[in-house]
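Please read them with the structure open.

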Amino acid sequence: MSTEPSAPGTSPRTPRPGAQKSSGAITKKGDRAAKEKPATALPPLGEEEPKNPEEYQCSGVLETDFAELCIRSGYTDFPKVVTRPRPNQNFVLSASMSEKPTQDDQRLSASCSQNSLESKYVFFRPTIQVEVEQEDSKAVKEIYIRGWKLEDRILGIFSKCLPSLSQLQAINLWKVGLTDKTLTTFIALLPLCSSTLRKVSLEGNPLPEQSYYKLMGLDSTISHLSLRNNSIDDHGAQLLGQALSTLNNSNRTLVSLNLGFNHIGDEGAGYIADGLRLNRSLLWLSLAHNRIQDKGALKLAEVLRPFELTHTEVVERRRLLLEKGTQERSSRSPSSSRHGDSKTEREKSQTAGISNVTLVDKPEKMQTLKAPKGLGKKKEKSGEVVKKEEKSGPGQSPTQGTPKKEDATKAGKGKVTIPEQKMSKGKGMKTGSKEKRSILLESELVVEATEMVNPLLEPVEHRDGKVFMPGNKVLLHLNLLRNRITEVGLEGFLTAVQYQVQVSKSRTSSSKGPLGLLWLSLAKNCFDPQCPTYTMIQELMMPRDPVKAKVREEEAAAT
């Protein structure tokens, strides 16, 4: 009896060998895990090298490069690169839909309904739309990203694949959830892109710090910038106005700026007007659909006609004139000291130059470069070639600075410095091939110099002890549609337009330079469209508008 209960009693203990089995199973699992560990560890070790995004060489095909870099960065679902649909295709489809459906169309309507539903969702799926060149379907010239958030990782991928696009011209980001941090990353990406990139559009991306002004830095190459619908207020307009120009710096690349559909008021319009005082590159400005009233409108109109320089601007102008005279004298000093003229003569010429620069505004170029009369004789006696232009300023008549033929031929053999090139322009010299090459180089230098000239060095007008500088005549297009301007603000624009029309009439046909406003939009504001002031502005602007002038010419030719 004792053995019978012992058998069942031992049965529960019999699983102990099972424990060994389980332990054996554990060891088997351990062996299996040990065998699986190198199997799972080896693929990452073998795949680390080809999956490193840094080591991928972009081919210049955005669709291939972006997909490969996303895969290497760990993305499983990423936007696809597609060609931007043309609006004409939609019109063709709508025309076909307007026709009566045939029996075949009715049979296919059930099967197509599901496809059309899917196509609607595909439309909202994140994509990167591109426009390509007609000659080369792989050459991307514009990029459109709409309605999905751009992260730092995606911008990092763009920083690798966009520089290989040699024909990229524009980047458009609409409602992509930019932040001040991602905007800084995007700005750092732009210098890496091709030199053909000139247009950037950031619309529907309001930023807390409103750091859009960073896109207009001194080293920026952007020519066209659109910042519509970004909730930019007066503070943001202040930062943008300072980016346009300050007393010491000015943006020289931006051609068009779109600030429509924002929250800019009178104070912000004043900051933009301050930026236009010394800016000579912006041609197109839109402030449509903002909150600008008469005070801001008068500040904008004031910049378009002669305005008074502030005390700080007058001091800076005098400093620039003095610095310019010093540079012109220093360019002559090595040649004069080489020929042994006395120190007293050099000191007299320098003091005379300084007095002329500080006292005269327009004729300062004629007076600062005059040298003593005995200087030319000493140089001629020594057998050196000296141009008479070095003794006369660029403002004098060509007959006073015309050199002899011997001097011209000898000067062509020697080295030509930049000051001599500027002196010799337009003097009518008969020279050889070397002289022609130097004159061609001079023309390029003169163009660059005229583009880089400081507006404070422009000719000014003195009235009642005040200094007035000509208004901004570089701005050609100003859009103030749908603001809050009344007839009071219209009076300021009427005065500015009348001044610009008068100046343009006094110009000769051969003269070159800025023309002033060619297009001014003031419609949909707080005044009667039939008021006399607005009617006069329209009558004055109509002949200046090139589009309307062309239409009138075509109508006249047709009649």
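1. **A buried serine.** Serine 286 is in contact (heavy atoms within 4.5 Å) with Leu257, Asn258, Leu259, Gly260 and Asn479, leaving aside neighbours within four places in sequence. Its relative accessible area is 4%, so serine 286 is buried. The cut-offs are under 20% relative accessible area for buried, over 50% for exposed, and partly exposed in between, with a 1.4 Å probe and protein chains only. Serine 286 belongs to strand β8, residues 284-286.

2. **Basis.** This is a predicted model: local features need pLDDT of at least 70, side-chain atom pairs count only at pLDDT 80 or more, and totals for chains, interfaces and linings use all residues. Residues are numbered from 1 along each chain as its sequence is written, and side-chain values use heavy atoms, with hydrogens and water left out.

3. **Overall figures.** The protein has 20 helices and 13 strands. These are DSSP runs numbered from the N terminus: helices are H or I with at least four residues, strands are E with at least two. Of the 559 residues, 37% are buried. The accessible surface is about 33,600 Å² (Shrake-Rupley method, 1.4 Å probe), and carbon and sulfur atoms account for 55% of that surface. Take the contacts between residues at least 6 apart in sequence: 78% of them join residues at least 24 apart.

4. **The main core.** Which residues touch the most other members of the largest nonpolar core? They are Leu62, Phe66, Ile143, Phe158, Leu227, Phe493 and Leu522, in a core of 84 residues. Helix α18 gives the largest share of this core, six residues. Apart from it lies another core of nine residues, including Leu278, Leu309, Val314 and Met469. A nonpolar core here is a set of buried Ala, Val, Leu, Ile, Met, Phe, Trp, Tyr and Cys residues joined through side-chain atoms within 4.5 Å.

5. **Helix α18.** This helix covers residues 487-506. At 1.5 Å a residue, its 20 residues should span 28 Å, and the end C-alpha atoms are 29 Å apart, so the two agree. The expected span is 1.5 Å times one less than the number of residues. Buried in α18 are Gly489, Leu490, Gly492, Phe493, Leu494, Ala496, Val497, Gln500, Val501 and Val503. Their cover includes α10 (294-303), β12 (477-479), β13 (519-521) and α19 (532-541).

6. **Phenylalanine 493.** What does phenylalanine 493 touch, not counting residues up to four places away in sequence? The list is Ala297, Leu300, Ala301, Leu304, Leu478, Leu480, Leu520, Leu522 and Ile537.

7. **Aromatic pairs.** There are three aromatic pairs. Rings of Phe, Tyr and Trp (its six-membered ring) pair if their centres lie within 6.5 Å; planes under 30 degrees apart count as stacked, over 60 as edge-to-face, the rest as tilted. Phenylalanine 66 and phenylalanine 158 are stacked, because their ring centres are 5.4 Å apart and their planes at 25°. Phenylalanine 66 lies in helix α3 (residues 62-72) and phenylalanine 158 in helix α6 (residues 152-161), so this pair ties together parts 92 residues apart in sequence. Phenylalanine 66 and phenylalanine 158 are both buried. Phe66, Phe78 and Phe158 form one aromatic cluster. Phenylalanine 527 and tyrosine 534 make a tilted pair, because the centres are 5.0 Å apart and the planes at 50°. Phenylalanine 527 and tyrosine 534 are also buried.

8. **Charges over rings.** The test is NZ of Lys or CZ of Arg within 6 Å of the ring centre and within 35 degrees of the ring normal. Arginine 146 lies over the face of tryptophan 174, 4.4 Å from the ring centre. Arginine 463 has its charged end over the ring of phenylalanine 468, at 4.0 Å from the centre.

9. **Backbone to check.** Asparagine 229 has a positive phi, near 55°, and is not a glycine. Serine 231, likewise not a glycine, has a positive phi of about 55°. Asparagine 229 sits in the loop between β6 (224-226) and α8 (234-244); serine 231 is in the loop between β6 and α8. Relative accessible area is 40% for asparagine 229, which is partly exposed. Serine 231 is partly exposed at 34%.
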